Amino acid sequence: MSDLALKTKAVHDTTAEKIEVLTFEIGGETFALEAAIVREILDLMPEAIVPGSRPFVNAVINFRGKVIPLADIRVAMGMPMTATTIDSRIVVVELDLDGTPSLVGLRADRVNEVTSLSKAGGEPPPRVGLKWPPQFIECLIHREGTFVIFPDLEAIFASKGHTRQQA
Amino acid sequence: MTASILTVDDSVSVRMTTRIALTGAGYKVTEAVDGLDGLNKARATRFDLVVTDLNMPNMDGLRMIEELRRLPNQIGVPILFLTTESDATLKGRAKAAGATGWLVKPFEPDQLIREHRLDDRALVDAVFRALHTLKGSGAMFGFDRLAAFTHHCETAFDRVRKGLAEATPGLVSAVLEARDHMRALVEDPSGDHAAEERYLLERLEAAVSGAAATSVASISETPIKAAASTMPTTWRIKFSLPENSFVNGTNPLSFLDELRAMGECRVLLDKSALPPLEKLEPTALYFHWEVTLTTDRGRADIEDVFLFVMDDMTLEIAALSSDTPSVEVVPSVTENADMPTPVVTVAPLPEPSAPEAATRPVTDAADPKLRRKAESVRVPAERLDELMDRVGELVIVQSRLQQIAANSADIGLRTVSEEMERLCSELRVTMMVLRMVPVATLFDRYRRLVHDLQRDTGKKIELSTDGESTEMDKTVIERLADPLVHLVRNAADHGLEDGDARRASGKPEAGSIRLSARQTGGEVIISVTDDGRGIDRARVRAKAEAAGLIQPGATIADQDLLQLIFQPGFSTASSVTNLSGRGVGMDVVKKAIESLHGSIDLTSRPGEGSTVSLRIPLTLAIIDGLLVRVGEGHYVIPLPAVEECIEISQEEDLRSRGRAFLSLRDTLVPFIRLRELFATGTKPDLYQKMVVVSTGEERVGLIVDQIIGHHQTVIKSMSKLHDDVTTFSGATILGDGSVALILDVGNLVSLGQEQEAQLRAIA
């Protein structure tokens, strides 16, 4: 998928309707995901490191008897790694990976709230001046003097977590 | 009892018209306004005729007809549809949906009555068959009166079927009344129905006594049991059933029993068609029977015995006069009335030329209680899968219990835990066995394929199979079907030469394709072998270079070169044929096999042929594993692959630094330090252990920090996000809820071999 295709999609996807989102923090930034894809929020639990895997998905966990991968958006965004804290959580989301609905755990430094947001007020990520790969961001929404990042999980997982520079 | 008709039409005027006409003709009419409504009404009541419009809201006529045909209470109901167009395709579609006939709108109500499809042969035949079945089933389940009564109805209908009588509304209503009576006979088999029966049969007789209705009359007044002459006649009955009879649930012994019940009976078994043991299909019926029966019953009664199988069998019935010489001796053996399954009888007969001394006519029917078959139950596959999941969960819980018990001083708890472990293990084994099916079910599919391939390629091909009794998990077998189709096609199309080329190279004209299966340890190896030209290395190389898969002139090991044919888009066929050579196939095979955690070996000798071997783990669900610890992580090594575990002393450990193999009883075994491979970053334990694993010939030692022990491993697949990690074939959940990864032994072995090769190259 080209960057262009992703971006146009992001713009056209915006609707005036408010959607339920879960907001959470990674590396001091606020991210939001549609609540509809969130299955569960977990406290940290024992992880099994998968030797030889990409840093983006370097571990698996036992989620209700299923072994699911643990992904770190931080790696895709090229953010610096931070140690886990008492607030760290795992957000389990259901994604479509190559046509198969799959459960994936996302590492979060903390989860904030479930709230209503309208993507209509969002804007596509600027081409320059952004410290994160723009192709992984669906849109930015201004809210209470700061902004909330809607990551494009589809693009992130399609790229397998490699940023363009790395790939 | 009047016939009830359902009319389905969204036009109120059509409905009213039909209703008025039909009630006037003495029918009971139910109306429905659209397909959905019609279907709901049909669910509630059985109708004798359905007349429907096609263009309707909610559910159109075609859909409704299809649905109606699935309703158990409307089986065989004639369905007419109304159409304004005389469109042939529409009629075809409606017929395909299950309609019996049609009427063109606007229609005369009289026409509808007339068009009750009385002259519809298919319908008459359907009724006849239904009566026939009812009679047979009735007799089988002990409803003798029902059987006898139905027999008369059937006879009447037979006349219609043969064109001796005409189907009239009179017949229809007589039959409908007869049907009600049959229901009464089912519900109250012992009641007194004689008068009713006589009346009905008279009506039936009247209905079919058009031209020369004599036989029905005579039948209707004679009870079936005494239908024929009382003089005993000797009959010679030869019958043979199709080979697949057992599959259809036909038991030839029941026919013999019925014949025996008729009178003095001599049964000879003709087993001349029995093939030699190696060609014998255990589920096929190879026997024919010849029965000499002396009975006072007529030919029709004898024919009745074979009522249900008549269409597929050959039956000869000949009357023998008393001075006819006895039946000529055919090679035969004792007809064993106790045979529980066909296999048991067949197995002890190695040669078709059993001595005639073994001929011993059996005259008495055996006690039916002795003939209990090995009972089997059909279970939907998904229920087995569910059960499998539950067993998997149970195994995980059990390992938790085991862990708790191990840390406890409570003897009682420990005992329970051990019991639990044993039971779980047994349950798991039983579960596995339930899911196992012989690969014969898989191989059988390819006979037809090879037959078609012969036609398409113009090559003579002989398919041979062995190891068909090897059993594998049902799901695995299903997922092997398509890859094997590719391989067989490939062998026929690319592997085998045509007849001329084969003769020129001194091979038999017919090419051979061999499918074989065998089990070694925890794997089943299924191979497809052809005796064709073998893989042309030069062409593979040229193709791979052209496709950019390898550098031109690059040195590449033979096995690696051959493995190139499994790359996507690779095909050496110079022209695209019908069969293979579209550049799809082999990579699909590889993917399919890898998804089964299997691997593919390919060997090929130029001019002699190729063998593709698929190594497939026996099951996908639960395996026995060896739980080990490397650094802080836990890993499972599939137990069938483990050869031995060795403790490595510190001296040995130090000496082996910088080398990649250890001397094990005078042979050098390459080894891999998993701690290094996994980059654990931890200090090694004082005493390292080596687990020697193998895949067939090749061995490799895996050095781990600790061997924890045996672990029943419920395999969970890895996410697609970990597709790139080849070291692990899956994951499992341990007793404490943590996750352990399952090592892919095949992969580690080839890694070890590579490592060894590299080191040798340096040295």
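Predicted model: local features only at pLDDT ≥ 70, side-chain atom pairs only at ≥ 80, totals over all residues.
I worked with residues numbered from 1 along each chain as its sequence is written, and with chains lettered from A and ligands numbered from 1 in the order in which they are written. Local features need pLDDT of at least 70 and side-chain atom pairs count only at pLDDT 80 or more, while totals for chains, interfaces and linings use all residues.

Entry on chain B. I found 25 helices and 26 strands, taken as DSSP runs (H or I, at least four residues; E, at least two) numbered from the N terminus. Buried residues, those with 20 or more other C-beta atoms within 10 Å of their own, C-beta atoms being placed from the backbone, make up 32% of the 763 residues.

Entry on B:Met472. I located B:Met472 in strand 12 (residues 471-473) of chain B, and it counts as buried because it has 24 C-beta neighbours inside 10 Å. Leaving aside neighbours within four places in sequence, its contacts (C-beta atoms, placed from the backbone, within 7 Å) include B:Val437, B:Ile477 and B:Leu618. B:Val437 lies 35 residues away in sequence, yet the C-alpha to C-alpha distance is 5.6 Å.

Entry on the cores. I took a nonpolar core as a set of buried Ala, Val, Leu, Ile, Met, Phe, Trp, Tyr and Cys residues joined through C-beta atoms within 7 Å. The largest has 84 residues, and A:Val60 and B:Ala740 are among those touching the most other members. Strand 17 (residues 622-630) of chain B gives the largest share, six residues. Domain 4 (381-438) and domain 6 (622-762) of chain B both contribute, so this core lies between them, the bounds coming from an automatic or database domain assignment.

Note on methods: Buried ≥ 20, exposed ≤ 12 C-beta atoms within 10 Å, placed from the backbone. Contact = placed C-beta atoms within 7 Å.
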